Amino acid sequence: MRLFLLFFFLMLLARVPTAAAQAPAPSADLVLGPTAFPVNEYYTISFRLRGAPLERYSAFPDIEGFKKSGKSSTTTTRIVNGQTSTELTITQRYAAFAEGSYVLKPFSMKINGLTAASEGAVLQAGPQQAAATPPGGALQGIGLLDQLFGKPRPQEYVEPQDQAFLAIVPDKQRVFVGEGLHVGLYFYLTPQDQAVLNFYNFAGQLPGIIRQLRQRTVWEESFNEQEVLPENVMVGGKPFLRYRLWEAELYPLNAQPLTFPAVELQMLKYKVAKKPAAGLDNRLEGYKTYRSAARVVSVVPLPAHPRQDQVPVGDYEVKEAIDRTTFRTGRTFAYTFTIEGEGNLATVNLAAPPTTPELEVYGPEVQQTLTRQNGRVGGRKSFRFRLVARRPGPVALDTLFRLVVFNPATARYDTLRAGLQPVVRGEEQVVTTFRARIDDPYYQEALAEADATLQPRDAYRNVRRYANLVVVVLLLVAAGGWWQAKR
């Protein structure tokens, strides 16, 4: 009896799984359907997940010439030697639009962080085939299953409402010629809309949209954004997410109105399942096109002015700098006249005043720095001059360096002037031409041997005449030599 009990106990121990028989690591792979199929049947791509519950997976690939047509899932449970393993299969169905040969490009998917790759395939959608019905009607086994469990119903989807919209937003309704106008193309959506909306082929759509918004009668400064990121804004008292699709600062060159046509942006919009099922995406891809409203901005000509077409337009101020505190006649000092503010700095130019016996002016050296911040364009432009005073006393820089501008905020012309007045000390310098030193031995010898005879103005004309005569004589000699050699 004791031997029987010992034998029975050992058999029980043999059936208990040991630590060495651990569950296998999770794995995932892709399964492609048959590459040849009738056009009225689905082509399928599936992935199988083993050893772990499904948490997330990336989208199935798009196939040119096919439309995605729903998904299905299958769960298989196996018990081997007391161990339970589960295999989940998610299948995406594709419907071909027409017969023909199609290429499924290589692709990969991520399932629970695992990467499964496929080399692709060449698909052949053949002629439509009629479904074969066995004698007596439908299959008996299927009929029994339908009686037992009821016919399976396809998953139903509904399209949720969204509050997203596309808008062209200028910051002003009217501008002067040359005044900056900030224009942005934005896409707005509520935080809850993120679950059902996504960008579709954004890089392919944006260039065509921007071409429609470009204006031919403006100077444009673009905002080159590398990423399209959402920002929180309030619209009508409600929180929205705003995506900056395109921004630019426009400066009208004439009084022609700026017309921005309505543009369209196609987005991915998902339908959601009425009855979500565990392990499925429960979303169905679709498309929705959003259309902006057209906008027109009027442009007003500048008030009459003698230099109306040459005056910079903007909100500017003057900053000055000088490189020293003491000034002597005959010595160079540097003066910098800087324009700062918002506006088209490319139109800001400051010419050097003419040189006089009292003051020599050289330059300017120009430096420009642009800034783009908070939807505004501005910066600074510096003009650096070098000056040499010949007479002592104050230097009236305000009469030399001044710039007439038009301020669109006040709708008035303004003159920006220099404010510094350096005082020059020292003796008066007389501008003279080059004179040789009398005590220089080189010039003493050269002047002693110099010929003071006046030369006619047409001396070089006579040289040209003699040279032409020599050329003619040489040609005659050459012709005579050739004639003698021929004889």
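Helices (H or I, at least four residues) and strands (E, at least two) are DSSP runs, numbered from the N terminus. With that in hand, welcome to the tour of a predicted model, where local features need pLDDT of at least 70, side-chain atom pairs count only at pLDDT 80 or more, and totals for chains, interfaces and linings use all residues. Residues are numbered from 1 along each chain as its sequence is written, and side-chain values use heavy atoms, with hydrogens and water left out.

**Whole chain.** Show the protein chain as a cartoon: five helices and 30 strands are there. Colour by pLDDT, the predictor's confidence in each residue, from 0 to 100. The chain has a mean pLDDT of 83, and 83% of its residues reach 70 or more. Of the 487 residues, 32% are buried (buried means under 20% relative accessible area, exposed over 50%, partly exposed in between, with a 1.4 Å probe and protein chains only).

**First stop: Asn344.** Select Asn344, in the loop between strand E24 (332-343) and strand E25 (359-373). Is Asn344 buried or exposed? Asn344 counts as buried because its relative accessibility is 5%. Beyond its neighbours within four places in sequence, Asn344 is in contact (heavy atoms within 4.5 Å) with Trp219, Tyr251, Val313 and Tyr316.

**Next: the largest nonpolar core.** A nonpolar core is a set of buried Ala, Val, Leu, Ile, Met, Phe, Trp, Tyr and Cys residues joined through side-chain atoms within 4.5 Å. The largest has 32 residues, and Leu166, Leu185, Phe187, Leu213, Leu245 and Phe260 have the most contacts inside it. Among the elements giving two or more residues to this core are helix H3 (202-213), strand E13 (181-189) and strand E17 (238-252). E17 gives the most, with six residues. Now centre on Leu245: setting aside residues up to four places away in sequence, Leu245 touches Leu166, Leu185, Phe187, Phe199, Phe202, Leu206, Val228 and Leu265. Then move to a second, separate core of 25 residues, which includes Val39, Tyr43, Phe47 and Leu104.

**Then: helix H5.** Select Leu469 in helix H5 (residues 459-486). Leu469 is exposed, because its relative accessible area is 54%.

Select residues 12-21, where pLDDT stays under 50 and the model has one contact beyond four places in sequence. For residues 131-152, pLDDT also stays under 50, and the model has four contacts beyond four places in sequence.
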